[in-house]
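Here's a protein chain to explore, with its sequence and 3D structure side by side. Take a look, then read on for a short tour of its strands and rings.

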Amino acid sequence: MRNKQVIFRDFLAKGAFPKESDMEVTESTIEVTSAVAEGSKGVLVKNLYLSCDPYMRGRMRKLTDPAESYIPSFQPGSPVTGLGVARVLESGHPNFKKGDLVWGLTGWEEYSLLPAPETCFKIEHTDVPLSYYTGLLGMPGLTAYGGFIELCSPKKGETVFISAASGAVGQLVGQLAKLFGCYVVGSAGSKEKVDLLKNKLGFDEAFNYKEESNLDAALKRYFPEGIDIYFENVGGKTLDVVLLNMKLHGRIAVCGMISQYNLEQPEGVHNLMQLIAKRVRMEGFNVLDYYHLYPKFLEMVLPPTKEGRIVYIEDTVEGLESGPTALVGLFSGRNVGKQVVLVAHE
């Protein structure tokens, strides 16, 4: 059977942005009936949706030190890999059977053989859009839950600031904060995204950081008494200014450093004395730390999603061949909401 694939061509230089030419769409073949070797625990899947995520840029660099990343580099000449939603066609694994829907790490191709599918989650709830399992009900959603709920322990009436707030993670953090009765402000990079935050996602306030020449003044305008919780997606100078505006015993969850991807030499943070003076707790985390809490996460997020109290913005392109353009666009802010690639209709 024909198997269209997106192949990673070669490593990026440190600080370089990915280009469409760093990937190429090719075709190979796969034998569906014999792809899963007898006695193996692999599964063969048909990919339905693929997720474009910021961490994938880091995987396009050649990592010489394992401490540089929690996930290995892509391999030149092999398909790009990432999170996706798929249908099981053949299975040698006791936890998965033919016809099951799953989400987890898969290839950027029409069909993937997953030799170790233990990290995949079986999709039990299909009365929501399947694409949500690339975002709201998948890794980005679990990231929002782990960092905001489990790490920051929000309380009613607290003030919350979220950078990159219209992205796959930030839009859910803001809505969870509102469900907890918090005052929520987000920053984003365009008027369209700011309008979405305020009018669609229910943020109390939002601003375009590109139009704010003085971030400190902006934060004092929206948080005259200071910030209780900061959900950090950006890093660098933004974090430096936020530290000056934190309240006593504030909490900072660090899940991304988007601004640092563009620099050969990452910026330092100069206001760390604020952590001591204000007893602020700042903690970095990885979504893998919270995979074991996935059922608990679904219990919290599924009901308000089905009731319409949580909404999710997706930016969907159709066709595997559209994947490289969609992924590259992520790093210039071209997407509005969670970037998804629709590979195949069910």
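## Strands side by side

Strand β9 (residues 183-188) lines up with β10 in the parallel sense, over 4 bridges. Two strands pair if DSSP finds at least two bridges between them, and strands (E, at least two residues) and helices (H or I, at least four) are DSSP runs, numbered from the N terminus. One of the bridges joins Gly186 to Ala206 in β10. This is a predicted model, where local features need pLDDT of at least 70 and side-chain atom pairs count only at pLDDT 80 or more, while totals for chains, interfaces and linings use all residues. Residues are numbered from 1 along each chain as its sequence is written, and side-chain values use heavy atoms, leaving out hydrogens and water.

## The whole sheet

Zoom out and you'll find 6 strands in an open sheet with parallel pairing, in the order β10-β9-β8-β11-β12-β13. Which strands stand at the edges? They are β10 and β13 (281-284), each with a single partner strand, so one side of each has no neighbour in the sheet. On average, neighbouring strands here are turned by 15° against each other, direction ignored.

## Helices on the sheet

Helix α3 (residues 170-179) packs on the sheet and touches β8, β9 and β11 (227-232); contact means heavy atoms within 4.5 Å. The direction of α3 makes about 170° with that of β8. Axes are lines fitted to C-alpha atoms, for helices over the stretch in contact, and angles run from 0 to 180 degrees between N-to-C directions. Helix α4 (residues 191-199) packs on the sheet too, touching β9 and β10, and its direction makes about 175° with that of β10.

## Rings that meet

Now for the aromatics: rings of Phe, Tyr and Trp (its six-membered ring) pair if their centres lie within 6.5 Å, and planes under 30 degrees apart count as stacked, over 60 as edge-to-face and the rest as tilted. That rule gives 17 aromatic pairs. Phe121 and Tyr294 make a tilted one, 4.5 Å centre to centre with 45° between the planes. Phe121 lies in strand β7 (residues 121-122) and Tyr294 in helix α8 (residues 294-306), so their pair ties together parts 173 residues apart in sequence. Both Phe121 and Tyr294 are buried (under 20% relative accessible area, 1.4 Å probe, protein chains only; exposed is over 50%, partly exposed in between).

Phe161 and Phe207 have ring centres 5.9 Å apart and planes at 10°, so this pair is stacked. Phe161 is in strand β8 (residues 159-162) and Phe207 in strand β10 (residues 205-208), 46 residues apart.
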